[in-house]
Amino acid sequence: MHMRVIKTAFQVTVLFAAFLLLLTVNAGAMINGITGTTFNLTAKTGHISTPDGGSYLIWGYANGTGLAQYPGPTLIVNQGALVRVKLTNNLTVAGGGTPPNVSIVFPGQQVTIASADPGVPGILTKEAASGKTVTYQFTATNPGTYTYYSGTDSALQIEMGFMGTIIVRPTKGANFAYNHQDAKFDRETLFLLTEMDPRIHQAVENFGPAGVVGTDYLANYFPVLWFINGRAAPDTMAEPMAPWLPYQPYNCMPMMHPGEKLLMRVVGGGRDLHPFHHHGSHARVIARDGQLLASAPNTGPDLSTEVFTIQSQPGSTIDAIFEWTGKGLGWDIYGTAADGPEFIHTCNDTIVVDGFDDATHEYCADHDKPFPVTLPTNQELAFGGFYSGSPFLGSLNSLPPGQGGLNPNGGYTYMWHSHTEKEMVNYDIFPGGMMTMLLIEAPGVPIN
Amino acid sequence: MNRTSLLKCLRIPVLLLVAFFSVASSSSALNLAAVEGRWTPPDSAVPITMWGFIPDPGSCPGAPVAWNVGPLQTGTSGANLTINLRNCLSEPVSIVIPGQNTILTPQTITDGQGRVRVRAFTNEAAPGGTASYTWNNIKAGTFLYQSGSNPAKQVHMGLYGSLVVGKYSEATKDVLLLFSEIDPALHGTPASATPLNYKPKYFLINGKAYSSGQPIPVVNGNTQVNKNLLIRFANAGLMSHTPVLQGPHMTIIAEDGNRYPYARKQYSVLLAAGKTLDAIWRPVKSGTYALYDRSLSLSSNGAPGGGMLVYLDIKPFPWVLFTAPITSGGAIR
Amino acid sequence: MNSILKYSIMAVSVGSFLSMMSVFPANAGVSVQCPGDTDGSATWTGSEVQPPNTKCMHLGAGDGFITMADGLSQYIFGFSNLTGLVTRPVFPAPADDVMMAGMLGASFPAPPIVLDEGDEFYLTLTNVGMAVRPDLFDPHTVHYHGFPQAAPIFDGVPDSSISINMGSSLTYYYKINDPGTYMYHCHVEAAEHMQMGMVGNLYVRPAQDGTTKIYGGKTYTRFAYNDGDGSTGYDVDYPIQIGSFDSAFHNASEAVQPLPFALMVDNYPMLNGRGYPDTVNPASLPAPAENGGKVSQKESSLVTADRGQRVLLRISNLNVTRFYTLGSMGISMNVIGKDAKLLRGPDGKNLYYKTNSVTLGGGQSVDAIIDIPADAISGRRYFLYTTNLNYLSNDTEPFGGMMTEIRVN
Ligand SMILES: [Cu+2]
Ligand SMILES: [Cu+2]
């Protein structure tokens with residue numbers, strides 16, 4: 001249904017995004033966030049925008065005097081650090097009522113309250129009253145992926161946007177997820193998954209938090225918007241800190257080369273389950289809720305298993321390592337001499353004898369095997385915006401005017417998305433919502 | 001929740017357990033009655049019609065009882081369990097225990113096209129009648145018992161309770177947390193829940209829906225710091241929930257009465273509809289810990305706050321008569 | 001919400017406008033590619049020689065009708081099995097009319113794809129068009145969901161590669177290296193095409209099949225995975241695909257009315273494309289009148305086994321709106337695989353676990369083995385049913401929905 005209009009809308013925005021990505025430094029290698037040991041967060045209102053032109057009130061944690069963020073700042077700390085999170089309540093609400101208290105809970109952390117900013121008692125933790133501050137502190141004892149979110153009126157406040165990610169980097173190094181060799185990665189991407197029921201946001205925008213009282217929105221929840229790292233596709237693929245998304249600074253653009261390890265940090269930021277399907281290959285789930293899946297200390301992730309869809313549960317975190325080489329496809333992903341002289345290449349498995357080329361990670365057993373079928377003529381095909389025109393990695397071929405164009409280096413692209421497909425839409429536009437693309441660039445093509 | 005069943009939910013110190021078990025092993029016939037009840041929501045004086053299991057009073061009550069989740073049943077691992085059911089409702093009722101293997105005696109109807117449909121998973125007590133159920137060689141763990149007749153209708157009406165069989169060597173103390181939901185719109189005239197009509201508004205733990213502004217339900221079970229506590233989760237609701245123990249990690253050891261080959265350390269756990277889970281937690285600091293549904297069934301009849309939230313009270317060691325407020329170790333106070 | 005609505009209406013009108021502008025492919029053609037097959041039937045007949053380890057299949061993508069368990073007729077998009085139709089006859093023999101065979105031939109779920117480890121699989125997809133929706137010119141694809149180390153050209157995601165237009169064929173090639181329970185679906189406008197029915201079972205049997213292993217005192221020759229010890233040995237296996245439909249969405253599609261994807265709410269829960277009690281009908285359901293009498297619901301979910309037998313359930317979920325929990329009543333399941341992987345750690349630690357229910361979102365799969373007790377008498381019944389008990393109905397009709405029976409022979 002209306003395939004073409006989608007392609008057009010998708011293409012324009014993403015083309016812009018892809019163009020900017022090329023200019024952006026270091027967007028894909030490490031996760032965007034703020035580092036340190038003391039974080040000054042401020043609870044504020046803001047407005048997010050969705051690719052279909054929507055604008056919605058959010059409540060977000062801001063970094064100091066910055067804008068409210070959806071989701072809150074990703075706090076990146078080192079293992080063993082004493083972390084202080086100072087939360088100041090600058091929330092304002094419609095309807096002239098007193099702004100509600102705000103707070104943060106840190107599942108998996110042993111939190112104490114600083115005596116200087118004790119806050120006021122709440123149901124799940126100490127809270128900051130309007131205009132006041134509360135300071136939480138904890139020692140980041142264990143490495144891993146964690147989440148933080150509002151402990152005050154959580155059904156409403158998490159929905160409004162009070163949630164975020166904490167990454168604790170292990171002592172072993174920043175390219176390890178945990179203190180074990182099997183938790184090493186080359187690149188990492190955050191996938192914080194949320195959904196939104198605009199009725200709640202409109203009620204709060206018009207009447208303040210009292211606007212949801214007397215409705216059944218919190219019980220009979222019906223989201224129609226879905227996000228990764230606070231953005232709905234195709235904005236997920238735009239540059240981080242895009243000036244046109246001031247309240248949604250984080251993107252989600254996984255990129256890698258064949259043979260590299262991509263760490264997926266998947267956080268259930270909302271209240272729904274999401275089946276996050278990562279096309280391309282299985283991923284090995286090595287940790288949950290910041291705990292390595294190990295049968296004993298120092299065994300490494302010996303209880304890990306591989307999945308093709310990550311079941312993200314609300315409030316939980318999953319760490320998974322994704323790898324791709326194209327092993328066993330039965331044809332040469334770089335083409336053969338029969339495809340043209342420019343496809344002639346070698347596969348050298350001599351230094352590290354593992355079945356793969358030492359430099360490119362090509363699977364040598366498939367080397368020089370011909371492409372197995374004849375593709376239909378261009379007139380018989382519809383082309384995706386990310387199609388390079390060629391089935392071979394790193395190669396481009398001409399496409400009819402207006403087709404393709406989003407994949408200038410001929411990389412392989414894979415859709416990573418909620419497999420509850422109604423969640424990968426922007427209302428009636430598919431694809432959108434909880435979706436992004438993995439870009440695997442050919443060896444030698446620089447990423448960032 | 002009335003006092004008796006609250007006490008039962010909290011379980012019992014070691015000395016009492018020993019006595020309990022010696023009784024249970026000699027005879028494990030349990031007698032229940034399915035009755036009409038009334039449940040008064042926290043925000044309203046208007047009671048909601050419920051169906052529930054109560055200890056069999058020997059004859060049908062003359063008036064609707066105060067509804068609660070069914071009484072906690074206990075059984076002995078490896079023994080046979082018999083439940084005798086008296087049906088005081090106007091339609092057939094049965095009892096199934098989804099996690100225990102058994103021989104079922106399905107009851108069927110034939111529809112207008114001649115297709116045979118199972119309307120009850122096993123044999124039923126007719127209105128005013130009785131029925132008896134036996135499970136042989138029952139396995140240890142935490143279980144739900146619930147109606148096996150028209151489950152789309154009778155379970156959400158309130159015909160459920162918990163069964164605890166045996167105990168784990170790791171923990172002498174335990175607490176039971178039975179999650180469930182109520183959609184009042186389907187109770188005035190008891191109706192089947194369907195894909196589109198089921199919209200629960202009350203979210204309960206152990207039969208109690210916390211409502212904002214009211215005291216938060218406390219589950220303490222005389223649990224001490226530095227001792228293993230077994231948390232038994234059960235979900236009689238039709239939707240999944242995600243309990244989070246705020247602060248510490250738990251170790252999930254079993255589901256549906258089946259031990260995992262390797263336990264899993266998590267602060268949150270998916271508690272699917274009809275699922276039971278067992279978790280071990282060793283608190284290192286005394287105080288009050290919150291446990292709540294991260295699927296955010298944290299509202300009560302639409303009002304924010306409330307819903308599926310309890311406090312776990314961990315006593316210091318040695319016991320003292322009161323717990324001084326401690327704001328550490330992940331505890332709330 | 002108002003502004004969104006306006007936007008959606010605008011999108012629809014622009015979409016239709018662009019559809020009308022599109023040019024129908026000039027040299028469209030049905031073309032089956034299958035090594036050793038000369039008449040384009042995706043089979044080997046007469047003097048044709050099947051190369052070793054080669055399998056072929058020809059699927060049509062189009063529309064059709066099915067009958068829900070409460071009697072409602074439902075318009076669907078779907079796949080039809082065109083394997084065996086001669087598309088490249090030797091003159092003067094006529095070609096079979098693939099387009100006529102595929103027209104309104106969609107089945108639900110899609111024809112099952114059963115493969116063996118080591119196969120080279122050539123799958124030709126022919127887009128036969130939507131007879132009920134001549135206004136649509138949607139291309140289609142096959143996404144082999146879960147296939148490890150996939151390349152975009154054969155992954156079926158239209159945005160990443162190519163999809164096939166009406167009247168033409170695209171042949172996918174898969175080298176089958178990894179046993180397990182997968183699934184397949186069209187990935188074009190996936191929220192819509194999958195809701196409309198373009199989903200099916202797909203699984204790969206392991207190389208260990210045909211060898212003999214003794215496990216638990218019993219001898220097995222069929223296994224879910226290459227377990228090395230026979231622990232995934234089974235006597236009978238059943239694919240069970242969880243699904244559900246939003247009848248309002250299907251009705252709107254049939255009536256050419258827009259219904260936003262985000263507003264889908266499924267009211268017909270199913271297993272293998274049927275609600276209970278049709279799930280336990282061992283035969284195909286009668287053909288609906290609306291599609292000209294083509295049988296469109298061939299997959300039963302009735303599980304039958306002898307006493308003492310081991311039953312492998314290949315459970316997958318391809319609904320597009322929510323998670324479902326599938327429970328077993330009276331008997332427990334032993335989960336031995338997930339997402340087409342044997343449930344073992346990287347150093348071989350056995351992570352199989354027993355349970356009475358599994359919870360799957362769309363795109364997840366679980367392999368579970370049920371041991372029928374050795375003393376079970378003939379006629380004994382167990383149940384597979386959703387513990388989301390409000391899904392035990394066919395829309396509002398009670399005693400239906402996502403449930404089937406396990407019967408002891
Ligand atoms: Cu399609
Ligand atoms: Cu898929």
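**The interface between chain C and chain A**

Good morning. I begin with contact, meaning heavy atoms within 4.5 Å: 93 residues of chain C are in contact with 77 residues of chain A. This is a predicted model, in which local features need pLDDT of at least 70 and side-chain atom pairs count only at pLDDT 80 or more, while totals for chains, interfaces and linings use all residues. Residues are numbered from 1 along each chain as its sequence is written, chains are lettered from A in the order in which they are written, and side-chain values use heavy atoms, with hydrogens and water left out.

The two chains bury about 6900 Å² between them, 62% of it on carbon and sulfur atoms; buried area is the accessible area (1.4 Å probe) that two parts lose on being put together, summed over both. In chain C, the residues that lose the most area to chain A are C:Gln149, C:Asp159 and C:Phe323, together 11% of what that side buries.

Finally, the strands, which are DSSP E runs of at least two residues, numbered from the N terminus. Strand β23 of chain A (residues 381-383) runs antiparallel to β6(C), joined to it by 3 bridges; strands pair if DSSP finds at least two bridges between them. Within this pairing, C:Ile164 of β6(C) stands opposite A:Leu381.

Methods
Helices (H or I, at least four residues) and strands (E, at least two) are DSSP runs, numbered from the N terminus.
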